[in-house]
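Please keep the sequence and the three-dimensional view at hand while reading.

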Amino acid sequence: MKDTLRELLRAIPPMERFLETPWAEEASLGLGRDSIKSIVSDVIGEYRNALRKGEGTVLSVEDLEAEMRRRCLEKCAPSLRPVVNATGVVVHTNLGRSCLHDEAIEALTAVARSYSTLEYNLDGGKRGHRDSHVEWLLCQLTGADAALVVNNNAAAVLLCLAALAKDREVVVSRGELVEIGGSFRIPDIMAFSGAKMREVGTTNRTHFRDYAEAVSEATRMLLKVHPSNYRIVGFSAEVGREELATLAREKKLVFLEDLGSGVLVDLSPFGLSGEPTVRHCIAEGVDLVTFSGDKLLGGPQIGAVVGRKQLVDELRRYPLARALRVDKMTLAALEATLRLYLTDRWREIPSLAMLCVDGDILRERAECLAARLGEAIPAASCRVLSVEDAVGGGAFPARGIDGFAVAVSLPGWSAAALQARLRLCVYPVVANVQNELVCLHLRTLSGEDEECLLAAFREITGGGEP
Ligand SMILES: *Cc1c(COP(=O)(O)O)cnc(C)c1O
């Protein structure tokens, strides 16, 4: 027994034997020689350990080499890659939320390539502050008198709580103690900030008197949170902003609202009602509103805080603000995106264009894609289906939006197998399965994506391997 183990271990060739192979030489062009060494030594090490523990099967030199090659190839491809989003979920957090407008992409590329006025005032040749590039724009678009930008909305909420309410009480309705995306939970952020949470009301109903009775000497803030990803319906009650604003003013408290998505324009003409604009919240008397940049705004990942100047100045001075600041590329993309709103060109922003597109156009595009797929891949059976798309990102959770999809099946492929194979294409496709059919939702597909889809299906049917 011992002898066979010793023999098996001795049969593993030395590392150099693998490093001299043509595939290792080639992979080292992309990954560097040290990385190849570490991959080779990992595979050998894992195999040795498995043998010593008596686990796994005996591998040939070819098996070991195949595993090393597979790992090298995997590492040669970029890890963060573009994909086709065929799910119909517009603000898809796992797929990167927003696609930027071309002007935003140009702006960020330009500052990435060169030095910039990031914190520099050309007028006096003196130091400036990085928020200055977007503050005026945010104020114009929301009616606020000051604005600050940090890494994301979670950071914006954290900064407000820590800078303004550390060791003080923050009154919040039990109906608004939400968790968003599994990692953002109001009670956790509150605890981390050092503010003390004072819950009032019940899950489904909170009244004005609940807030009023909770306010004491220790209170510093009233917090309202947009219950982004769910709705309490039926026997429910919440207190309006204007009433809370009055209470805050009377008791000298800060009224903060975490708006989540934060739309800058009213989307109700497009059948998307019920999401208040940032301007609306400011007009109703909220002191500070926080929202995300990459949800319904359609820009880069940021968190904005807009509202009263004195409070925003306090946030800016707080040391945590420095740790949460955004980089120049983000600011460039944000500035360019906001400028599109100034001139009423926001419908051109990809996420907003996807949300506002007319149903008839989606149907026509679906019919056209079905016909093209049917022609390019004769074995495929394609038909157009009415489907439910989603805004995503926690906005408008109460309902989906009507959309159209091309449902595809290929002989010899189960829907689940086809769905999985689409993810492995040169240009990966992420799609849903519904009623045993792979559904390609048109809403989230660009014209270029449709070409990638055709290529993906050619790759699958041409390459065989079901
Ligand atoms: C999405 C969301 C957040 C988190 O925003 P990020 O920009 O993802 O950090 C916080 N609060 C609410 C209400 C949200 O909808």
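## The largest pocket

The residues that line the largest pocket divide into 14 nonpolar, 10 polar and 7 charged, where Ala, Val, Leu, Ile, Met, Phe, Trp, Tyr, Cys and Pro count as nonpolar, Asp, Glu, Lys and Arg as charged, and the others, Gly among them, as polar. The lining consists of 31 residues, of which Val83, Leu95, Ser98, Cys99 and Leu100 lie nearest the centre of the pocket. Two or more lining residues come from each of strand E1 (84-85), helix H6 (102-113), helix H16 (350-356) and helix H19 (447-463), and H19 gives the largest share, 3 residues. Helices (H or I, at least four residues) and strands (E, at least two) are DSSP runs, numbered from the N terminus.

The volume of this pocket is about 1000 Å³, a volume being the space filled by probe spheres set on grid points that are joined across faces, edges and corners. On a 1 Å grid over the protein atoms alone, a pocket is an open set of points where a 1.4 Å probe fits, with protein on both sides within 12 Å along at least five of seven lines, and lining residues have an atom within 4 Å of a point.

## Basis of the model

The model is predicted, and local features need pLDDT of at least 70, side-chain atom pairs count only at pLDDT 80 or more, and totals for chains, interfaces and linings use all residues. Residues are numbered from 1 along each chain as its sequence is written, and side-chain values use heavy atoms, with hydrogens and water left out.

## The chain as a whole

The chain holds 19 helices and 18 strands, and its C-alpha trace spans about 85 × 55 × 55 Å along the principal axes. Of its 466 residues, 47% count as buried, where buried means under 20% relative accessible area, exposed over 50%, and partly exposed in between (1.4 Å probe, protein chains only). The chain exposes about 23200 Å², of which carbon and sulfur atoms supply 51%; accessible areas come from the Shrake-Rupley method with a 1.4 Å probe.

Among the contacts in the chain with a separation of 6 or more, 75% are between residues 24 or more positions apart, contact meaning heavy atoms within 4.5 Å.

## Nonpolar cores

A nonpolar core is a set of buried Ala, Val, Leu, Ile, Met, Phe, Trp, Tyr and Cys residues joined through side-chain atoms within 4.5 Å. The largest core has 55 residues, of which Leu138, Leu222, Val289, Val306, Leu338 and Tyr341 touch the most other members. Leaving aside residues up to four places away in sequence, Leu338 touches Val134, Leu137, Leu138, Leu141, Leu264 and Leu297. A second, separate core of 34 residues includes Cys160, Val172, Leu256 and Leu311.

Cys281 lies in helix H12 (residues 278-283) and counts as buried because its relative accessible area is 0%. Apart from its neighbours within four places in sequence, Cys281 is in contact with Arg241, Glu257, Leu259, Pro276, Val286 and Val289. Cys281 and Thr142 are 139 residues apart in sequence, with 8.9 Å between their C-alpha atoms.

Val326, in the loop between helix H14 (319-323) and helix H15 (328-342), is counted as buried because its relative accessibility is 5%. Its contacts, not counting residues up to four places away in sequence, are Arg130, Val149, Val150, Asn151, Ile302 and Leu331. Glu65, a residue of helix H5 (residues 61-76), also counts as buried, because its relative accessibility is 16%; beyond its neighbours within four places in sequence, Glu65 is in contact with Arg17, Phe18, Thr21 and Trp23.

## Exposed residues and positive phi

Trp136 lies in helix H7 (residues 132-142) and is exposed, because its relative accessible area is 53%. The C-alpha atoms of Trp136 and Gly447, which are 311 residues apart along the chain, are separated by 35 Å.

Asp167 is found in the loop between helix H8 (153-165) and strand E6 (169-173), and counts as exposed because its relative accessibility is 53%. The phi of Asp167 is near 65°, a positive value in a residue other than glycine. Most residues other than glycine have a negative phi. Asp344, in the loop between H15 and H16, likewise has a positive phi, near 65°.
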